[in-house]
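User: I have a structure here that I have not looked at before. Could you go through it with me?

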Amino acid sequence: MALLLIVQSVGTLPLLLFGSDSQKTECCSKIPKDHMIMAFCLTEPLAGSDVGAMQMTATKEGDRYLLNGKKSFVTNGGVADKYIVFARQIPEGKTGDLSLRRR
């Protein structure tokens, strides 16, 4: 039972730490009320869970982000309602920094 809580929390904690107030309000109220399940998308084929070696990128296109890359394991992936995806955001002419965006 404890593992169920831990797995849910790895998808929720990034939202609590870095999400906007509206994202927190929307998602955090649905988790207990509607039994919403969060996914955590970090692990990649060539990087494993090493965040520093992560290769997926996020490029802003209008008010959305285009993700380019692969994830090889997604915690809660098969049952989740919302996905927290880790990617490098690459502003033009710069190297990628990690960024958090809600899908």
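User: Start with strand 2 and strand 5: how many bridges join them, and do they run parallel or antiparallel?
Analyst: Two bridges join strand 2 (residues 57-61) to strand 5, and the strands run parallel. Threonine 57 stands opposite arginine 88 of strand 5. Keep in mind that this is a predicted model.

User: Which strands pair with strand 1?
Analyst: Strand 5 (residues 82-89) pairs with strand 1 in the parallel sense, over four bridges. Strand 4 (residues 73-75) pairs with strand 1 in the antiparallel sense, over three bridges.

User: What are the residue partners there?
Analyst: On the strand 5 side, phenylalanine 40 stands opposite isoleucine 84, and alanine 39 has tyrosine 83 as its bridge partner. In strand 4, phenylalanine 73 is the bridge partner of threonine 43.

User: How many residues of strand 1 are buried?
Analyst: Six of the six residues of strand 1 (residues 38-43) are buried, so the strand is largely enclosed by the rest of the structure. One of the residues in that stretch, cysteine 41, has a relative accessible area of 5%.

User: And how many in strand 5?
Analyst: Six of its eight residues are buried, so strand 5 is also largely enclosed by the rest of the structure.

User: What share of the chain is buried?
Analyst: Of its 103 residues, 32% count as buried. The chain exposes about 6,900 Å², and carbon and sulfur atoms supply 58% of that area.

User: What about contacts between residues at least 24 apart in sequence?
Analyst: Taking contacts in the protein chain between residues at least 6 apart, 59% join residues at least 24 apart.

User: Now helix 1. Is glutamine 8 buried or exposed?
Analyst: Glutamine 8, which is found in helix 1, counts as buried because its relative accessibility is 15%, under the 20% cut-off.

User: What is glutamine 8 in contact with?
Analyst: Leaving aside neighbours within four places in sequence, glutamine 8 is in contact with Ile31, Met36, Ile37, Met38 and Asn76.

User: Different topic. How many salt bridges does the structure hold?
Analyst: Three. In one of them, lysine 30 pairs with glutamate 26, with the closest N and O atoms 4.0 Å apart. Lysine 30 is partly exposed at 31% relative accessibility, and glutamate 26 is partly exposed at 27%.

User: Which other residue forms a salt bridge with glutamate 26?
Analyst: Lysine 82, with the closest N and O atoms 3.7 Å apart. That pair links distant parts of the chain, since glutamate 26 is in helix 2 and lysine 82 is in strand 5, 56 residues apart. Lysine 82 is buried, with a relative accessible area of 18%.

User: What about lysine 71?
Analyst: Lysine 71 forms a salt bridge with glutamate 44, and their closest N and O atoms are 2.9 Å apart. Lysine 71 sits in the loop between strand 3 (64-68) and strand 4, while glutamate 44 sits in the loop between strand 1 and strand 2, 27 residues away. Glutamate 44 is buried, with a relative accessible area of 4%.

Technical notes
Residues numbered from 1 in each chain as written. Predicted model: local features only at pLDDT ≥ 70, side-chain atom pairs only at ≥ 80, totals over all residues. Heavy atoms only, no water. Buried < 20%, exposed > 50% of the residue type's maximum accessible area, 1.4 Å probe, protein only. Contact = heavy atoms within 4.5 Å. Areas by Shrake-Rupley, 256 points an atom, 1.4 Å probe, with all protein chains shown as cover. Pairing = 2+ DSSP bridges. Salt bridge = Lys/Arg side-chain N within 4 Å of Asp/Glu carboxyl O.
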